[in-house]
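The structure comes first, followed by the description.

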Amino acid sequence: MNKTIRRAAVFSLLLVFALLLRATWVQAYEAKALADDKHNRRNTMERYAQPLGDIVVAGSPVTGSKETKRGDLRYQRTYTDGELYAAVTGYGSQAYGSNQLEGIYSDVLDGTDPRLKNPLDALTGKRAEPGDVLTTIDPAVQKAGFEALGDTKGAAVALDPRTGRVLGMVSTPSFDPSTIAGMTDGAAWKKLTEDEDKPLVNRAIRQPVAPGSTFKLVVAAAALENGLYGSVDEPTRSPNPYRMKGTVTDLTNENPSAPCENASIRVALQYSCNNVFGKMAVDLGRDEVRAMAEKFGFNDQEQDVPVRAYASVYPSKMDDAQTALSGIGQFDVTATPLQIAMVSAALANDGMLAAPHMVSKVVDADGDTLESYEDGKARRVVSSSTAEQLRSAMVTVVEEGTGSNAKVDGAEVGGKTGTAQRGVDNSEKPYAWFTSYAKDAETGEEVAVAVLVEDSHAERAEVSGNGLAAPVARKMMAAALE
């Protein structure tokens with residue numbers, strides 16, 4: 001054989017061998033990665049080849065599937081009361097993917113979760129029937145919060161203090177996930193993503209802001225737990241106004257005539273005395289306040305409900321003046337409504353914080369449990385005595401103080417208002433907060449709520465936690481206790 005031909009033949013055989021080796025490598029080792037690639041359209045086609053499983057509220061699905069009339073995606077996600085439950089379900093879109101419960105449980109809902117397959121399905125590769133996600137949401141509480149927030153920009157969370165179940169999670173303005181569920185909803189998606197009010201953001205868990213005076217409950221808990229004061233009725237030795245250390249700036253109060261000089265914790269919560277809690281935070285020290293905040297859940301980077309909540313923050317590096325401001329929920333302190341609801345829930349539950357969760361079970365097509373979330377899994381945050389004293393002081397806030405709009409007939413209600421400064425030199429409308437708990441002695445029902453009104457149509461002078469947020473909390477609490 002000609003030498004040149006022989007070399008060419010050998011080289012050609014090497015090329016063929018390289019191609020075979022590459023093909024074997026792709027099929028044997030890279031197949032799963034290619035199959036799971038987000039750009040692989042076959043995955044999307046498979047996901048929507050049959051009706052999806054459902055997200056369920058109080059035994060009724062709030063999601064569904066409808067058969068499409070064109071394209072290669074046979075079914076499309078639908079939503080019942082989409083705007084009402086968007087903060088719970090998230091969206092499932094053929095074009096834009098999925099988020100929140102739709103995203104977390106996508107494998108269960110589309111039938112590709114390995115736990116759904118029986119032995120025969122595993123052998124044949126047949127797609128299993130999809131499963132369902134059962135939530136803890138109480139539809140009455142959800143509706144009460146959604147309707148009460150109305151056209152304001154804000155959020156609300158209601159928890160069962162004993163179990164940690166999320167009874168309501170609302171974020172406004174909301175959106176209907178059905179409008180972006182298909183492949184041809186580009187205009188709707190563009191409108192949502194460009195909206196300055198950010199309807200796609202779940203403000204209940206994904207937008208921490210200054211908590212204002214609601215944070216005073218955390219500072220009060222730290223003072224009692226660390227023995228700074230023996231009870232909520234002991235005078236606090238607080239000058240009014242309080243000159244912040246190292247500055248020429250006084251920490252003053254919204255109501256100049258309030259009896260805030262040397263006020264007890266009860267009176268200071270009743271009138272929301274900034275001088276008392278600013279000084280209290282400095283007397284405790286930033287490390288002690290931070291330690292208490294972290295017991296309640298601040299600075300937790302892995303707060304899953306099971307949707308990951310953004311961390312609420314109590315900063316670590318502050319001077320005395322900044323620590324004073326942190327004591328009234330300002331400076332760099334931030335919190336989500338979920339976090340502030342957790343504070344009230346722990347105090348309502350005798351100082352025990354039950355892990356918040358809005359999914360009770362994940363089940364297969366036959367209703368058999370694949371995954372469950374334990375109710376009442378709790379850890380101690382403060383002593384029973386501290387919790388009892390602070391509940392008593394919170395009742396005073398509602399009965400005789402700044403939280404009068406939260407009263408619920410026939411129930412024990414305790415709360416705390418908050419009005420948090422916003423913008424450079426407080427140039428923007430402040431945030432209006434309210435956090436509370438309610439107990440029905442006859443039925444034993446309990447609920448804890450936090451409400452944030454980020455922006456409303458009220459004039460700046462009319463923005464207050466009692467005026468804007470407390471009425472929302474009252475309606476959610478009343479719905480939970482019915």
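## A buried helix

Helix α11, spanning residues 216–225, is largely enclosed by the rest of the structure, because 9 of its 10 residues are buried. The model is a predicted one. The buried residues of α11 are Lys216, Leu217, Val218, Val219, Ala220, Ala221, Ala222, Ala223 and Leu224. Just after α11, Gly227 adopts a positive phi of about 75°.

## Nonpolar cores

The largest nonpolar core has 91 residues, and within this core Ile265 and Phe296 touch the most other members. Helix α16 supplies the largest share of this core, with 9 residues.

Leaving aside residues up to four places away in sequence, Ile265 touches Ala220, Ala223, Leu224, Tyr229, Ser231, Val232, Glu234, Thr236, Phe277, Met280 and Leu390. Three of these residues, Ala220, Ala223 and Leu224, are also listed among the buried residues of α11. Another core lies apart from the largest one; this core has 29 residues, including Val141, Ala156, Val447 and Met476.

## Helices α16 and α17

The axes of helix α16 (residues 337–348) and helix α17 (residues 384–400) come within 8 Å of each other and cross at roughly 115°. Helix α16 is therefore roughly perpendicular to α17.

On the α16 side, the contact involves Ser344, Leu347 and Ala348, which meet Ala387, Leu390, Arg391 and Met394 of α17. By class, the contact of α16 with α17 has 5 nonpolar, 1 polar and 1 charged residues. Leu390, in the α17 part of this contact, is also one of the residues that Ile265 touches.

Conventions. Residues are numbered from 1 along each chain as its sequence is written. This is a predicted model: local features need pLDDT of at least 70, side-chain atom pairs count only at pLDDT 80 or more; totals for chains, interfaces and linings use all residues. Side-chain values use heavy atoms; hydrogens and water are left out. Axes are lines fitted to C-alpha atoms, for helices over the stretch in contact, and angles run from 0 to 180 degrees between N-to-C directions. Helices (H or I, at least four residues) and strands (E, at least two) are DSSP runs, numbered from the N terminus. Angles under 35 degrees count as roughly parallel, over 145 as roughly antiparallel, 65 to 115 as roughly perpendicular and the rest as oblique. Contact means heavy atoms within 4.5 Å. Ala, Val, Leu, Ile, Met, Phe, Trp, Tyr, Cys and Pro count as nonpolar, Asp, Glu, Lys and Arg as charged, and the others, Gly among them, as polar. A nonpolar core is a set of buried Ala, Val, Leu, Ile, Met, Phe, Trp, Tyr and Cys residues joined through side-chain atoms within 4.5 Å. Buried means under 20% relative accessible area, exposed over 50%, partly exposed in between (1.4 Å probe, protein chains only).
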